[in-house]
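Q: Could you pick a single part of this model and walk me through it closely? I'd like to see how it sits among its surroundings.

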Amino acid sequence: MDWIKPHYTKQSELVGVAEIRSSHERIAQQLHDFIAGQGRARRLLELGAGACGLAAALTRHGYEVVAVEFNPHDIELARKLVGEHGVQGIDVVEADFYEVELEGRFDVVYYWDGFGVGEDADQKRLLRRIGTEWLADGGYALIDVFSPWIWLKRTGSSYEFRANDGTTWKRRVEFDAVNSRFVDFLSPLDGRPTQLSQTIRTYSVPEFLLLTEGTGTRVDAIFDPFGEAAVELGRYDAEVSSRVASSNGFVAKLVPEGSVDR
Ligand SMILES: C[S@@+](CC[C@H](N)C(=O)[O-])C[C@H]1O[C@@H](n2cnc3c(N)ncnc32)[C@H](O)[C@@H]1O
């Protein structure tokens, strides 16, 4: 896991911004609609919060958000964002989410665009912390999980982008079918040998269900990424199947093991 912090620090230097983007506002609205529909929730924990654009957008819906992030460049951007936009209700915590000690518990723990960076054992460690240390009574977690099908299709695809320093880079995606991981390569187009890569574990829904075993959490529902309804497990639905297969993944709602349905 040694690559993770330097990789995201460099990525943040390349493309990070101290802004609430329209994508953050859109996801915050979707999360808020969901959370509000589940009952009362006030205190949220975001894992791997990046430059905190999503966390800041959620504070506009009245939540208090503790945002944990460990790469120093994103932390710098997050503090700038909070200062410049006068964001209230956010606590930016520079820490590793495998080690951080947080005060109190949370109504909702969420992790967007990042689950799967380590090995299965690391993912299990994180799920255990969520289920046993962080979720309040009646609380739940929402995890954005990458699934394999679209990433397999994307193998070999690439696009160019302009970095904050004006240099042009290429992002190329490959899929490692043996380990069910997608790999992202970032290379500058000016001939410099620098190349960054990240590798993220993808999960099918049944694999994710197995992953949660023995972690102190259980899957309460799986949502297809575009749908508003939970996916009915154990039943084939062609439309839902095609939506899950043609998007980045799915969203899992987890509750502490042993908690009863509300
Ligand atoms: C792909 S980025 C997504 C950022 C943000 N969630 C978003 O949607 O914009 C994943 C983030 O997780 C952070 N991260 C990865 N492992 C972490 C760890 N062990 N502790 C804290 N942050 C971590 C990375 O530094 C990176 O900023």
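This is a predicted model: local features need pLDDT of at least 70, side-chain atom pairs count only at pLDDT 80 or more; totals for chains, interfaces and linings use all residues.

A: Let's look at helix α5 and start with its buried residues: Gln123, Leu126, Leu127, Arg129, Ile130, Gly131 and Trp134. Residues are numbered from 1 along each chain as its sequence is written.

As for its length, α5 covers residues 120-134, which is 15 residues. From its first C-alpha to its last it reaches 20 Å, close to the expected 21 Å; the expected span is 1.5 Å times one less than the number of residues. Helices (H or I, at least four residues) and strands (E, at least two) are DSSP runs, numbered from the N terminus. An α-helix has 3.6 residues a turn, so residues three or four places apart point the same way.

What do the buried residues of α5 pack against? Their partners are the strands β1 (43-47), β4 (106-111), β5 (135-146), β10 (217-223) and β11 (249-256), together with helix α7 (205-211). Contact means that the C-beta atoms of two residues, placed from the backbone, lie within 7 Å.

Now for the sheet itself. Seven strands form an open sheet with mixed pairing, in the order β3-β2-β1-β4-β5-β11-β10; two strands pair if DSSP finds at least two bridges between them. β3 (90-94) and β10 stand at the edges with a single partner strand each, so one side of each has no neighbour in the sheet. On average, neighbouring strands here are turned by 20° against each other, direction ignored. α5 packs on this sheet, touching β1, β4, β5, β10 and β11, and its direction makes about 165° with that of β5. Such angles run from 0 to 180 degrees between N-to-C directions, with axes fitted to C-alpha atoms, for helices over the stretch in contact.

Two of the strands that α5 touches, β1 and β4, run parallel and are joined by four bridges. In β4, Val109 is the bridge partner of Leu45.

Buried residues make up 34% of its 262 residues.

Notes:
A residue is buried if 20 or more other C-beta atoms lie within 10 Å of its own, exposed if 12 or fewer, and partly exposed in between; C-beta atoms are placed from the backbone.
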